[in-house]
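Welcome, and please open your viewer. We will go from selection to selection, with a short note at each stop.

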Amino acid sequence: EEADWPLLQLRRRYQTEHSRHSTSRRAYLPRPKKRRFCCKISRGSRGRRMLRKGGNTTAINSAGRRKLHTTFEDGGEMVEEYDLQTNELLVRKRRSKTVLGAHGPWEYLVGDAEQPSFSGLGGPEIKESSLNPVFSRKDAAHAFQWRVRNLTYPKEVYSVQLDAAERKITIRTSNKKYFKRFSLPEMDALGLALEEEAMSWTYANNTLIITYTKPNAVLLAERSDAEATSKVRAQEEGDVDCKQQ
């Protein structure tokens, strides 16, 4: 038994070392990562612009509004108008160039679109009826908000649905008199998933109102956007030279 004692000690030491090594290997094995649809905004990306990213912006103060004009390398452009007193966003519209290089129509993201008018050869000017439904967007501080005016049907006729896969909100009526599908450009720019719980809608006074609560990532990006906007040197109306930043 005395002769076997050193051998027994070596065996116990081997078992102890082997056990520690196995535990160590298990502790350092990488854990599988969970798949997520959207990624978080890192601190370094909070300062990025949402819709003006990659563009050159100029500013001018005119008629009580601060007007920003952003141009992009692909020929696209965006125009924004803010109230000088409250800094409220009044208008945001953008357009891109067609395949042939011509300017496409303006897409209004915020504010009321200008109603087009047509006139024949020497005839009177023809405008769209003011009784037609009018779709527009005007945001609140903590929510995106869209309105459709001149809808005279009962409330039970309307259906508002959010399609997370298509990343769009759809408005339709059961009598098939109105249909509209639209996206959320800011959510797309930040790569954020749309959530059903964030959307709500109501109907009153012939107006359908859709509200989508802004996530914290959008609020942070808007704050950063406002700081970047304040650094753009704005010229007063009548100035000639205007350098892009």
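Start by selecting Ile171. Beyond its neighbours within four places in sequence, Ile171 is in contact (heavy atoms within 4.5 Å) with Phe135, Val148, Ser159, Val160, Tyr178, Phe179, Lys180, Phe182, Leu208 and Ile210. Bear in mind that this is a predicted model, where local features need pLDDT of at least 70, side-chain atom pairs count only at pLDDT 80 or more, and totals for chains, interfaces and linings use all residues. Residues are numbered from 1 along each chain as its sequence is written, and side-chain values use heavy atoms, with hydrogens and water left out.

Now colour the largest nonpolar core, which has 25 residues. A core of this kind is a set of buried Ala, Val, Leu, Ile, Met, Phe, Trp, Tyr and Cys residues joined through side-chain atoms within 4.5 Å; buried means under 20% relative accessible area, exposed over 50%, and partly exposed in between, with a 1.4 Å probe and protein chains only. Which members touch the most other members? They are Trp146, Ile169, Ile171, Leu184, Met187, Leu208 and Tyr212. At least two residues of this core come from each of strands 9 (143-149), 10 (158-163), 11 (168-173), 13 (199-204) and 14 (207-213), and from each of helices 2 (185-190) and 3 (216-230). Helices (H or I, at least four residues) and strands (E, at least two) are DSSP runs, numbered from the N terminus. A second, separate core has seven residues, among them Leu68, Tyr82, Leu109 and Val232.

Next, select Arg66 in strand 2 (residues 65-71). Arg66 counts as buried because its relative accessibility is 14%. Leaving aside neighbours within four places in sequence, the contacts of Arg66 include Ile60, Glu80, Glu81, Tyr82 and Val232. Step from there to Ile60 in strand 1 (residues 56-62), which is partly exposed at a relative accessible area of 30%. Draw a C-alpha to C-alpha line from Ile60 to Val232: the two are 172 residues apart in sequence and 9.6 Å apart in space.

Then turn to the largest pocket, with about 500 Å³ of space. On a 1 Å grid over the protein atoms alone, a pocket is an open set of points where a 1.4 Å probe fits, with protein on both sides within 12 Å along at least five of seven lines; lining residues have an atom within 4 Å of a point. Of its 21 lining residues, Tyr82, Asn87, Leu89, Lys214 and Glu222 are the closest to the centre. Helix 3 gives the most to the lining, with six residues.

Asn150 sits in the loop between strand 9 and strand 10 and is partly exposed, at 31% relative accessible area. Its C-alpha is 6.2 Å from that of Thr207, 57 residues away in sequence. Arg167, in the loop between strand 10 and strand 11, has a positive phi of about 60 degrees although it is not a glycine. Is Arg167 buried or exposed? Arg167 is buried, with a relative accessible area of 15%. Lys176, in the loop between strand 11 and strand 12 (179-182), also has a positive phi, near 60 degrees, but Lys176 counts as exposed at 77% relative accessibility.

Methods
Points joined across faces, edges and corners; volume = space filled by probe spheres on them.
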